[in-house]
Amino acid sequence: MAKMSKKKFTKIFLPISSVALAFAIAVPVLSNMYSTTLDTALGQGKLHVIAAEGSENWDTDYVEQKYTSEADARAAGEALTKKIADEGIVLLKNDNNALPLSKGDKVAPVGYAYKEPVYGGSGSGNVDTSKPSIITPQKALANAGLSVVGSIEKITLNQQAADIAEAAGTLPAIAGSGMFKNDFRLKAAEPSIYNSAKADFNGAAAIIFIGRGGGEGNDIKRDGYTDGTRHYLTLSQNEKDTIEYARNNGASKVIAIINSSNVMELDCLMSGKYAADAILWVGGPGSTGFEAMGDILVNNVNPSGKTADIYAKDFFNDPTYVNIGNFEYSNAKYDGEKTAHYVEYEEGIYVGYKYYETAAAEGENYNDLVTFPFGHGLSYTTFDQKITKFNTSGGKISVTVEVKNTGNVAGKDVVQIYWGADYTDFDKTNKIERSAKNLVEFAKTGVIEPGKTETVTVEFNTEDLASYCYTRTNPDGTVGCYVLEKGDYDIFLGKNSHDSYDSKVFAQGSTVWFDNTNPRQSEKDGQAILEADGTLTNTPAKVQVSADAEFVAATNKFQESSDYMNESGVTMLTRADWKNTKPTAGTVKALEGKYLATFNANKKDGFNAETDANLGNVASSKVYNNDAIKFANSGYDLSQMRGKDYYDEEWDVLLDQIDFSNADVQEELRDLLFYGAYNTAKLTSIGKISTKDYDGPQGFSSFMDFGHDWCAYCSEVVVSSTWNIELVEEYGAAVADEAIAGTSKIAGWYAPAMNIHRSPFAGRNFEYYSEDGVLAGKIAASVITGAAKKGCYAYMKHFALNDQETNRTDSICTWATEQAMREVYLRPFELVAKYSRGQVSYTADAQGTKASKITKGCTAVMSSFNCVGATMASSNYGLLTGVLRDEWGFQGAVITDFGPVVNYDAMIRSGNDFLLNANWGGAKPALDQVFADTTSNTAKHVMREAVKNISYTVVNSLAYDEIAPGSTSYRDVSPWKIWFGILTGVFAACALTGFCLIIIKNVKKNED
């Protein structure tokens, strides 16, 4: 065999050796740059705890580990997902008892969603459907014992997507890219695909699966398609034609399965040639929810879900339609020369059912506007409800309801309490808006047998009927507060938001202002010291650090936003002139005056830590503190703070151990405060260990699934459609069980997401609960309670007014009146912050006595990408400190959403403790390259406060399970570092060998 020439040898081995050398250099460099993220994704080293002397035999099992394996925890989660779907699926229509079917009935499944169902949402809510435990619609129908027409099913499963695209001049049907890519093409094929089997429809129940997906990063396409379909959230012509085709070919009935977390226009299914006999909404059913669908179809389960949103007949007439989308400011720039955008909530408080109920009160025909009310849901039985006791004393309203099953099937029902009051001259004068109906309380019954009754009592504060007045000047000079106006308040026992079983009247004898001389009980509940047994005291928690601290009322924190909404060019919907104030579409316009100044002062390159009057190093700022920071190493460890109150003086002793001048401490502070993506980093000087915090609105999502096996729960709107507080607490606990099981040890969960379904077209509605803040807040509070009781801290998100995806990361200015913010958009967050509960076990004394205490459940928050008004949410002091911490009494950590374009000094000074970031675009910066100011006393105080907030959250979580007070800990080298080291060595050896062979070959050739 001929020898290889020197030239050919070099040509082959030189690039191979060069690539190997490049990898040998790149692997350690990149792994060092991204070590925090790789630890989260690929696993940290094993944690070793060195027990404090004398604590070796103490009981430090603070958190119950219910399952030893992840597989068992996942299986339990899947069983619970089925239970949630049992109660969250909603029977919207059932004419002539079309449902239930009987086992053995012949069914013909059609529709593209039967082949490609929607289990959840895209982006962070992505569901891995490749796992064998996923229940498909095919499995569900078979498991329910229905006789599926094989010829039709085969055609349905083999059909090609129609892929009907956007009409000319409309929004694209494919939006975004990567994990945020959303395909809004219409995919239902023409009914002619069934021509070869059309005779097989005869006598079968045609089940048409209508699927619509949504996801992070893009709002739903809200305009036309080439086939004439008006928008993505209505039936395509092919879907309608398939219904007609099935019926014309002998189908005995048509059952529509609505597989969409976004509400849809369904009026065509109500009557006429496209009518369905029954409509069953399944939302995004997660891993096993389709099993519940099958069981409901054959009455193994009696449906009891209620809608969490209203179903309007014409989405184009919804007041939000003209104000969702892409609206630019011509003169506001961010991140260099990028154009800033805006959205104006001109509809005010009139969102969802509150708009349609008020429109009816203002003389519009409700039946012309609405297909299904909020709170609507049918059953296979019938119920009657009546108020048997109505008590109004002690600042509370108690309503006792008798629920009777008047039908022939056992089932559950929901008690829904709404309130309404007249719109008065007082309201007009004070610019207060009032919805005709407002949900105030609810409860779900147990299973009630035919002919039997269950008595349900619900109670709420009279102050819950108050409205927020953002125009009132208070006695202390503050502006805005809640007001309970004198007059009669109708209390409705609702069948849904529109129809009532019964009603009573509550008479309020005088007008009550809830200013700082008279804060609401709600404020007191949030701010008060909580006893170990969960009893709320009448003492503000802040008295522990300030003896003269008093309860504070909700007062204006967003004055600029209210001012903006009242200026010319903005049309605010008002009952003072209902017909002439319908919202108008946004245009390209300039951001003027003080609003532009505020925007510029708070953007990434606009904030000056030295001179800013609001958050700077000047005596008048809200965060100024020139007290010297002392350094004193007392040998304290964070483990000693488990179970201690947030305001305990020992926190200062611990935090005094942070030496801001130490280079190693600065590096760790940088990692903790700047690289917070899916983790909280260690801080050795106070003994803080690192944690894993994972994402996912339907449980830990598949995009964070690095060798783990998580359950995909139902989408959040299905969870809220259960209207079952007790059941959804089980959901939070089940997620925590997965966090604890096996080797997981995930301390934090980026969920639940709880923004408002402001528009049907909002892309992320699948991971938000409802259009109603009371329903969303009470459900979310229960979910977080379930997780918190098992040591998993849940980050309620996205705080706040992050109700559309369009331009969400582009410094979009979101404008609303403070009344709309308070009563609609902040309400779910408020209820969670004030009323969720956790339970912390800890070591109470030097003898190792184990104790337990009830705590606030919400100790973590994720802020939003958008600006609230002209100030970024993640650097909005009024939002994060004024409202969240001061008014609601929140104690814990606030993280940003992923990498917002925010000034980091303004961020941390506003009360946003750390950045959800995994990418720094190059070499790791030093701490003083992250923050412009790290040396002033003010800067040190705010960093120290951020460390405390994060540490308080972490130490009271499952992260510190089995760690006795005073114990120290260390981690092994992360396994990936060992493998990467070996890989680097292999690449280096290959490169060295290759270069040596080239040299030898060339030297030998020259000698020859």
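**Close-up 1. Asp335 in the loop between strand 11 (328–334) and strand 12 (338–344) of the predicted model.** Strands (E, at least two residues) and helices (H or I, at least four residues) are DSSP runs, numbered from the N terminus. Asp335 is not a glycine, yet has a positive phi of about 50°. With 36% relative accessibility, Asp335 counts as partly exposed; buried denotes under 20% relative accessible area, exposed over 50%, and partly exposed the range in between (1.4 Å probe, protein chains only). Residues are numbered from 1 along each chain as its sequence is written, and side-chain values use heavy atoms, with hydrogens and water left out. This is a predicted model, in which local features need pLDDT of at least 70 and side-chain atom pairs count only at pLDDT 80 or more, whereas totals for chains, interfaces and linings use all residues.

**Close-up 2. Asp163 in the loop between helix 6 (150–158) and strand 5 (174–175).** A positive phi of about 50° is found at Asp163, although this residue is not a glycine. Asp163 is partly exposed, at 30% relative accessibility.

**Close-up 3. The cis peptide bond from Leu99 to Pro100.** Omega is near 10° for this bond. Pro100 belongs to the loop between strand 2 (90–94) and strand 3 (106–110).

**Close-up 4. Lys797, its cis bond to His798, and its contact with Asp695.** The peptide bond from Lys797 to His798 has omega near -5°, and His798 lies in strand 29 (residues 793–799). The side chains of Lys797 and Asp695 are joined by a polar contact of 3.1 Å (a pair of N or O atoms within 3.5 Å; within protein, one must be able to donate a hydrogen and the other to accept it, and residues adjacent in sequence count only if both atoms are side-chain atoms). Asp695, in strand 27 (residues 691–695), is buried at a relative accessible area of 8%.

**Close-up 5. The largest cavity, with a volume of about 370 Å³.** On a 1 Å grid over the protein atoms alone, a cavity is a set of points where a 1.4 Å probe fits but cannot get out, and lining residues have an atom within 4 Å of a point. Grid points are joined across faces, edges and corners, and a volume is the space filled by probe spheres set on the points. Of the 28 lining residues, Ile854, Thr855, Lys856, Gln891 and Tyr952 lie nearest the centre of the largest cavity. Strand 32 gives the largest share of this lining, four residues.

Terms used: On a 1 Å grid over the protein atoms alone, a cavity is a set of points where a 1.4 Å probe fits but cannot get out, and a pocket is an open set with protein on both sides within 12 Å along at least five of seven lines; lining residues have an atom within 4 Å of a point.
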